[in-house]
Amino acid sequence: MKISEDILYIGVNDRDIDLFEGQYAVPNGMAYNSYLILDEKIAVMDTVDARFTHEWLDNIQFALAPSGRKPDFLVVQHMEPDHSANIARFLETYPHTQVVTSSKALAMMKQFFGKDFSQRAIVVKEGDTLPLGKHTLTFYTAPMVHWPEVLVTYDHADKVLFSADGFGKFGALDAQEDWACEARRYYIGIVGKYGAQVQSLLKKAASLDIEKICPLHGPVLIENLGYYINLYNIWSSYTVESEGVVIAYTSVYGNTKKAVLSLADKLRAGGCPKVVVTDLARCDMAEAVEDAFRYGKLVLATTTYNADIFPFMRDFICRLTERNFQNRTVAFVENGTWAPLAAKVMKELLKDCKNLTYAENIVHIKSALNEESSAQLEALAAELCHEYVEQRSETANKNDLTALFNIGYGLYVVTCNDGKKDNGLIVNTVSQVTNTPNRVAVTINKQNYSHHVIKQTGVMNVNCLSTEAPFQVFETFGFQSGRNADKFANCTPLRSDNGLAFLPRYINSFLSLKVEQYVDLDTHGMFICSITEARVISSAETMTYTYYQNNVKPKPQTEGKKGYVCKICGYVYEGEELPEDFICPLCKHGAADFEPIH
Ligand code: FEO
């Protein structure tokens, strides 16, 4: 087979192998690729598996027969025996050939063959070149893609990248099958742990003009290279490739399986674009691992077993963690007749994985599904399908104004002075609106005394609260009116050049603003301001509304109470119905900011 005018395929197909690397099922066999570059000098790129010595040597002989020439170089990119097993035999067959390889590979040759080939070696490192005549090979190191000694090689003349294990796949070359499916299972299983190293290699490759990729397994890639490179980028960055939910389960007597199948039905009914159900005791584990890395959400369902979890599930999770499983949503279904702890054990096993989002709903089955665990299953399905429901026009709730809470806000104390005393209030509506010149918009409720003062004086300071600010700052400036309270009674302010107060603590910056325009927004007024002074006080992070909600605001005491709780300050209104015109006595927010206590 010709790859180009001067590059010939001299690899072999392995249809006899049962388990590649002693563990991966390869129903369509395996290819061990090797290439020959015919030029003024002749280079052979890698060898093949030990069981194909003669077939491979025959291939070389056949390719060289018309010219009667012999190879000048054996380039060894990778020392795993599926490619390196015939190095010693080759060097015996061609005693004048030099081996071109990395120093690490040379050391490994001694380990594998018990011989020192250094007298016949040309050791290359990053960026070194090997001129063959018309072709010049440039070597790039690719450590841990898939062993530390790996090199990849670029041929400038034909714009070919010899990519070692990269872009390889399971399956003999004559297998009629989808590339991505078996390339993904190969990649995740064999190289999956080394995403960062693959990313580095992809960056190097991006600087090369590549027209063909010649891997050590699977077909030579000659068209639409962007497709393959994009998939490698997705896999090596642990990005979700396909939307959907994988349910990986074990079941001893069928009760967990029953729950899993029910969950799968509910997910499909909820609009989940793809549901993959896999019985870990019976499936190809490598395929299950591949699916977990392919899809965005993973449900793990298993039983408590020997005060641990069922062995197949433990094995599965270990395979995920050792391959740096990350960036996914994970949910748990546990089954236990007494002392159930599977969910806890599974979460503990995943604790070092980066950026996992755990579903809030956990399904606790006690022996078999009952009303309670069925309801949990329903809730989990709804949680996992929420985004699918909301993404589809037909099923979405298009009037969910809680979307407003997801606009990112900072929290600020806006200070002003009515001529007699300093005043300040909490606002979350500060934003820069232009930058040449810099203009800042501050919107304030007309009910607030500060609105009245700023409208009259035309000046204010915006104090950017840092995450160090305690709840007391919000009580002081947010839950009382400056008309009848002295908000600076317990604090001696500092002064900016405009004479207004700025907070001596809990802020990282302040801006002194001069009002240039006023926009009447009915209930609120928007002040568009220029900046007269701007100081950065500390490098502490700005307090966001989300940070305040999660870390500063005391948790409302709602336990055992019926009624409504203020989302702003946590005030609890006890009663069946919240009056529409209700105003929170603490923070003065209206009924819209209350939610029912569940
Ligand atoms: Fe195909 Fe890492 O050997």
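**A guided reading of the predicted chain**

Leu-151 has a relative accessibility of 0% and therefore counts as buried; buried means under 20% relative accessible area, exposed means over 50%, and partly exposed lies in between, with a 1.4 Å probe and protein chains only. The structure is a predicted model, in which local features need a pLDDT of at least 70 and side-chain atom pairs count only at pLDDT 80 or more, whereas totals for chains, interfaces and linings use all residues. Residues are numbered from 1 along each chain as its sequence is written, and side-chain values use heavy atoms, with hydrogens and water left out.

The surroundings of Leu-151 may be followed next. Leu-151 belongs to strand 13, which covers residues 151–155; strands (E, at least two residues) and helices (H or I, at least four) are DSSP runs numbered from the N terminus. When neighbours within four places in sequence are set aside, the contacts of Leu-151 include Val-76, Gln-77, Thr-101, Ser-102 and Val-124. Phe-139, Tyr-140, Thr-141, Ala-142 and Ala-164 are also in contact with Leu-151, where contact means heavy atoms within 4.5 Å. His-78 is 73 residues away from Leu-151 along the chain, and the C-alpha atoms of the two are separated by 6.7 Å.

The chain contains 15 helices and 34 strands. Its radius of gyration is 33 Å, well over the 25 Å that the globule rule gives for 598 residues, so the chain is more spread out than a compact globule. The radius of gyration is taken over C-alpha atoms, and the globule rule is 2.2 Å times the number of residues to the power 0.38. The C-alpha trace spans about 105 × 65 × 45 Å along its principal axes.

The chain is divided into domain 1 (7–236), domain 2 (242–391), domain 3 (401–545) and domain 4 (555–596); these bounds come from an automatic or database domain assignment. The centres of domain 2 and domain 3, taken over C-alpha atoms, are separated by 48 Å.

Of the 598 residues, 50% count as buried. Among contacts between residues at least 6 apart in sequence, 66% join residues at least 24 apart. The chain exposes about 28,300 Å², of which carbon and sulfur atoms supply 50%; accessible areas come from the Shrake-Rupley method with a 1.4 Å probe, and for residues only the protein chains shown count as cover. The mean positions of the 57 positive and 72 negative charges are 4 Å apart. Lys and Arg count as positive and Asp and Glu as negative, while His and the chain ends are not counted; the place of a charge is NZ of Lys, CZ of Arg, CG of Asp or CD of Glu.

Several residues illustrate particular backbone geometry. Most residues other than glycine have a negative phi, and most peptide bonds are trans. Glu-21 has a positive phi, near 55°, and is found in the loop between strand 3 (19–20) and strand 4 (24–25). With 32% relative accessibility, Glu-21 counts as partly exposed. Asp-46 has a positive phi near 65° and is placed in the loop between strand 7 (42–45) and helix 1 (53–64). Asp-46 is buried, at a relative accessible area of 1%. A cis peptide bond, with omega about 5°, joins Thr-436 and Pro-437. Pro-437 is in the loop between strand 25 (430–435) and strand 26.

Strand 26 (residues 438–445) holds Thr-443, which counts as buried at 13% relative accessibility. Residues up to four places away in sequence being left out, Thr-443 touches Val-427, Thr-429, Leu-521, His-524, Gly-525 and Met-526. Met-526 is also touched by Gln-517, as are Phe-527 and Ile-528, under the exclusion of residues up to four places away. Gln-517 lies in strand 30 (residues 507–521) and is partly exposed, with a relative accessible area of 44%. Leu-74 is 443 residues from Gln-517 along the chain, and 77 Å separate their C-alpha atoms.

Ile-210 is buried, with a relative accessible area of 17%. Its contacts, apart from neighbours within four places in sequence, are Tyr-154, Lys-159, Leu-161, Ala-205 and Leu-225. Ile-210 and Lys-110 are 100 residues apart in sequence and 34 Å apart in space, C-alpha to C-alpha.
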